[in-house]
Amino acid sequence: MPATGGSCHHRAMQLLLIRHAESVNNRLLATCPDEYFDRRLEDPPLTDLGHEQAAKLADFIAAERIPRPDHMVTSLLTRAVQTAALVAGPHTPVEGNAHLHEVRWNAEPDAAPTPAHPGASAAELRAICPQVALPPEASDSGWYRGGFESAPDAWARAHGVIEPLRRRFGGSDAVVAVITHAWFMQYLLRASFGWSVPDGARGTFFIMSNTGHCLLSWPAAGPGGAEGPDGAEGPGGPRVRWLNRVDHLDAAQVTH
């Protein structure tokens, strides 16, 4: 795919949705699936390969193979903040968002939900990514204080992420990178497209590899509506530039 840079014919906010790099849990699920629920960590870090994946994406951005982010927003789970630190480098502003975490569901529906992990402390998150601007939820005792959630809960949370970003950056040429998770990205995409809440926990699932990314573009709204493909008024919603692009990785580095 040819280089795109950050320019476009009409002013348009570009949203670069990025799945975090490979985590310890991702590796465990791929290699020891029968032991996954007994050995998984609540807030796993990246593997060595995960660090390599994120570094490769950073190089891809530096080479202007994809639009360079003006702003980066990240989930506060450790694997996402580690990914953001590597991809952003020292100069891109990074904001932590307590609403970008993975979907919190009970792995065994018939069992009583266990207490949710509070996440890393503010000090731990700043040690991972020194330039991260943390939200008020982040404290010495962690940042997550919710419980488990249903599909409609995750759907509402996704709207609560997408709509503020559109209000804040819509009508500009800003490139906004969002570091999030495979399952929650399904809801972010649906919220972006204006689709209905998925049927049950899954619905149609877009495969997202570790550090795989999607690029969505919102043309600036014209009088009375969103700009259409030829600059005229047209239906709202983003244009999809690509889904799950992984050409920054060698074939052996692609993981799910």
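A polar contact is a pair of N or O atoms within 3.5 Å; within protein, one atom must be able to donate a hydrogen and the other to accept it, and residues adjacent in sequence count only if both atoms belong to side chains.

The model is predicted, and local features need pLDDT of at least 70, side-chain atom pairs count only at pLDDT 80 or more, and totals for chains, interfaces and linings use all residues. Residues are numbered from 1 along each chain as its sequence is written, and side-chain values use heavy atoms, with hydrogens and water left out.

**Overall content**

The chain has seven helices and ten strands. Helices (H or I, at least four residues) and strands (E, at least two) are DSSP runs, numbered from the N terminus. Of the 256 residues in the chain, 49% are buried. Buried means under 20% relative accessible area, exposed means over 50%, and partly exposed lies in between, with a 1.4 Å probe and protein chains only. Among contacts in the chain with a separation of 6 or more, 73% come from residues 24 or more positions apart; contact means heavy atoms within 4.5 Å.

**The segment after strand 10**

His 248 is placed in the segment after strand 10 (239-245). It counts as buried because its relative accessibility is 5%. Leaving aside residues up to four places away in sequence, His 248 touches Gln 53, Lys 56, Leu 57, Phe 60, Thr 211 and His 213.

Thr 255 lies in the segment after strand 10. With 15% relative accessibility, Thr 255 counts as buried. Its side chain makes a polar contact of 2.6 Å with the side chain of Asn 210. With residues up to four places away in sequence not counted, Thr 255 touches Glu 22, Leu 49, Gln 53, Ser 209 and Asn 210.

| Pair | Separation in sequence | C-alpha to C-alpha |
|---|---|---|
| Thr 255 and Gln 53 | 202 residues | 9.4 Å |
| Met 185 and Ile 18 | 167 residues | 8.6 Å |
| Asp 153 and Arg 104 | 49 residues | 9.8 Å |

Met 185 is in helix 7 (residues 182-193) and is buried, with a relative accessible area of 0%. Not counting residues up to four places away in sequence, Met 185 touches Leu 17, Ile 18, Arg 19, Thr 180, Met 208 and Cys 214. Asp 153 lies in helix 6 (residues 151-169); at 40% relative accessibility, Asp 153 counts as partly exposed.

**Helix 1**

In helix 1 (residues 24-31), the buried residues are Asn 25, Asn 26 and Leu 28. Viewed down the helix axis, these buried residues fall within an arc of 160°, so they line one face of helix 1. The arc is that of the directions from the helix axis to the C-beta atoms. The buried residues of helix 1 pack against strand 1 (12-19) and helix 2 (36-39). Ala 30 and Thr 31, on the other side of helix 1, are exposed.

**Helices 3 and 4**

Two packed helices are described by the angle between their axes and the distance between the axes. For helix 3 (residues 48-62) and helix 4 (residues 78-88), the angle is about 35° and the axes are 8 Å apart. Axes are lines fitted to C-alpha atoms, for helices over the stretch in contact, and angles run from 0 to 180 degrees between N-to-C directions. The crossing of helix 3 and helix 4 is right-handed, a crossing being right-handed if the near helix is turned clockwise from the far one by less than a right angle and left-handed if anticlockwise. Helix 3 contributes His 51, Ala 54, Leu 57, Ala 58 and Ile 61 to the contact, and helix 4 contributes Gln 82, Thr 83, Leu 86 and Val 87. These residues divide into six nonpolar, three polar and no charged. Here Ala, Val, Leu, Ile, Met, Phe, Trp, Tyr, Cys and Pro count as nonpolar, Asp, Glu, Lys and Arg as charged, and the others, Gly among them, as polar.

**Positive phi values**

Most residues other than glycine have a negative phi. Glu 64, which is not a glycine, has a positive phi of about 60°. Glu 64 is placed in the loop between helix 3 and strand 2 (71-75) and counts as partly exposed at 47% relative accessibility. Asn 244, also a residue other than glycine, has a positive phi near 50°. Asn 244 lies in strand 10 and is buried, with a relative accessible area of 19%.
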